[in-house]
Amino acid sequence: MPGETRLSVRNLRKSFGTHEVLKGISMDAQDGDVISVLGASGSGKSTFLRCINLLETPSGGEVWVDGEQIRMLHGRSGSRPASRAQVDHIRSELGMVFQGFNLWSHMTILQNVIEGPVHVLKRPKAECIAEAEELLAKVGIADKRHAYPAHLSGGQQQRAAIARSLAMKPKVMLFDEPTSALDPELVGEVLRVMRALAEEGMTMLVVTHEMSFARNVSNRVVFMRDGIIDSSGAPEDMFGAGASPAFRQFIGHFGNPQ
Amino acid sequence: MTLFELLGLGGKGWGAFLLLATATTLAVTATALAIGAVAGAAIAAAKLSGSVPLRLIGHVYTTVFRGVPELLIIYLIYFGGSSGLTAVGRWLGYDGFLGLPSFAAGALAVGIISGAYQAEVFRGAFHAIPRGELEAAMAIGMPRRLRFRRIIVPQVLRFAIPGLGNVWQLSLKDSALVSVTGLVELMRASQIASGSTRQYFLFYIVGGALYLILTSLSDRVFNTAERRANRSMSASTIGGA
């Protein structure tokens with residue numbers, strides 16, 4: 001339902017050795033929010049995303065997914081999740097799309113898409129196949145369902161990866177620079193799929209360098225700098241008169257987005 | 001006797017004897033490879049684990065069994081095993097010498113050595129799995145066991161095939177050393193045949209040829225397996241239905 005908090009992050013911290021990458025990040029995503037996370041490389045935006053589903057273990061702070069807090073143990077030797085089973089459960093509710101697609105290369109596209117629903121959610125296979133075929137049609141690669149990932153273009157692989165995440169019926173989708181590894185002519189097909197998802201009301205957190213997506217599709221823009229949130233707000237404000245000096249300088253490198 | 005009679009399958013010919021010995025060689029090697037697969041998988045897992053003692057055990061195993069002559073291992077298992085068995089027999093009230101069956105001892109010895117090489121093959125294969133694919137499995141919520149079964153094992157097997165082909169050839173040749181225990185495999189059979197007939201050239205060349213036939217046939221098997229396992233990676237089946 002709109003207005004419900006799907007994702008809540010409180011004072012999230014992450015250090016690699018003595019280097020503090022995240023210095024206390026707080027953010028909420030309501031149902032249907034599409035939040036673009038922008039920032040220069042090294043600003044911590046990918047680490048932030050990876051801490052949400054514990055691909056990186058946060059050093060401190062809280063992550064809540066749909067009202068459930070990920071329980072962490074913080075000891076002298078570092079932090080770790082209190083329950084692996086809870087982490088697996090939370091992860092199954094968070095879709096993640098990677099910069100490098102990361103499709104399983106020994107499985108066909110259809111097998112990639114049904115793998116999670118069949119083996120993680122333990123749903124009937126026939127039902128999962130029917131849904132997977134719908135999803136593949138939706139992202140425009142139904143004809144590739146029996147091909148292996150290596151036989152697809154980058155844009156097709158990324159659309160398949162999105163379908164694989166969607167098959168889990170996630171509560172929030174995390175995108176980690178989903179178009180950064182693509183040839184320029186393939187970026188558009190992936191962005192179109194993401195835009196369609198946003199319009200359907202999917203809650204999305206998108207780390208990206210695509211200024212046009214941030215400005216035209218997302219309803220909130222978060223600008224990270226040196227492990228903190230420098231500024232955030234509606235795209236009209238962020239890209240308009242309300243921009244912070246640092247953000248103004250940052251988008252200056254990209255030219256004026258349309 | 002003519003060449004034909006010497007190698008004939010019936011009568012005074014040695015053909016059937018040599019073919020049976022070839023089958024024994026194949027059986028010893030196959031058993032050794034299976035034993036080595038179990039040992040190798042366990043040792044590879046130990047070497048890849050986060051536990052320091054386990055990693056040390058794995059390291060010691062691969063260092064020892066790759067670094068000591070195969071023949072010594074075979075002697076160690078066969079005679080060491082037999083004297084152990086004899087001691088157990090004496091304790092149970094049996095006074096005679098109890099020998100370990102030469103097939104079992106030989107297969108075990110070659111298997112242990114093969115395990116050291118297979119461990120390295122499996123470890124290399126594990127490292128060949130793209131990290132991102134493992135992350136994708138975690139991100140979708142796969143528990144560790146499921147990740148192992150669905151993502152890691154199939155890919156390790158695929159990447160391990162060429163290396164396993166090499167280990168198979170090594171083990172096939174190591175199996176010749178098992179002849180010292182008296183097991184009549186191809187090496188021992190060539191010795192017996194050539195000694196009995198004084199046709200040393202003939203029977204050692206025939207024995208060598210039979211080894212070559214075994215290795216080249218198994219090479220084909222492994223090549224086919226590799227091609228099949230990699231069909232998802234090759235560009236030759238684009239769009240495949």
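**Notes on the two-chain model**

1. Let's start with helix α1 (residues 45–52) of chain A, which lies across β1 (5–16), β2 and β4 of chain A and runs at about 120° to β1(A). Keep in mind that this is a predicted model.

2. The strands under discussion belong to an open sheet of four in chain A, in the order β2-β1-β4-β5 with antiparallel pairing. At the edges you'll find β2 (19–30) and β5 (68–69) of chain A; each has a single partner strand, so one side of each is left without a neighbour in the sheet.

3. If you want a residue pair to look for, A:W64 stands opposite A:Q69 in β5(A).

4. Chain A also has an open sheet of six strands, ordered β8-β9-β10-β3-β11-β12, and here the pairing is mixed. Its edge strands are β8 (94–97) and β12 (228–233) of chain A, each pairing on one side only. From one strand to the next, the twist averages 20°.

5. Helix α2 (residues 84–93) of chain A packs on this six-stranded sheet. The helix touches β8 and β9 (172–176) of chain A, and its direction makes about 70° with that of β8(A).

6. Over to chain B and a helix pair: how do α5 and α7 of chain B cross? The axes of α5 (residues 102–128) and α7 (residues 144–174) of chain B come within 8 Å and cross at roughly 150°. That makes α5(B) roughly antiparallel to α7(B), and the crossing is right-handed.

7. The residues making this contact include B:V110, B:I113, B:Y117 and B:F122 on α5(B), and B:I152, B:V156, B:F159 and B:L164 on α7(B). By class, the contact of α5(B) with α7(B) has 15 nonpolar, four polar and one charged residues.

8. On confidence, the model scores ipTM 0.93 and pTM 0.86. Chain B has a mean pLDDT of 90, with 95% of its residues at 70 or more. Among the elements of chain B, helix α6 (residues 131–139) has the highest mean pLDDT (97) and helix α1 (residues 3–7) the lowest (75).

9. One stretch to flag: pLDDT stays under 50 over residues 236–241 of chain B. For those residues, the model has eight contacts beyond four places in sequence.

Definitions and conventions:
Residues are numbered from 1 along each chain as its sequence is written. Chains are lettered from A and ligands numbered from 1 in the order in which they are written. This is a predicted model: local features need pLDDT of at least 70, side-chain atom pairs count only at pLDDT 80 or more; totals for chains, interfaces and linings use all residues. Side-chain values use heavy atoms; hydrogens and water are left out. Two strands pair if DSSP finds at least two bridges between them. Helices (H or I, at least four residues) and strands (E, at least two) are DSSP runs, numbered from the N terminus. Axes are lines fitted to C-alpha atoms, for helices over the stretch in contact, and angles run from 0 to 180 degrees between N-to-C directions. Contact means heavy atoms within 4.5 Å. pLDDT is the predictor's confidence in each residue, from 0 to 100. Angles under 35 degrees count as roughly parallel, over 145 as roughly antiparallel, 65 to 115 as roughly perpendicular and the rest as oblique. A crossing is left-handed if the near helix is turned anticlockwise from the far one by less than a right angle, and right-handed if clockwise. Ala, Val, Leu, Ile, Met, Phe, Trp, Tyr, Cys and Pro count as nonpolar, Asp, Glu, Lys and Arg as charged, and the others, Gly among them, as polar.
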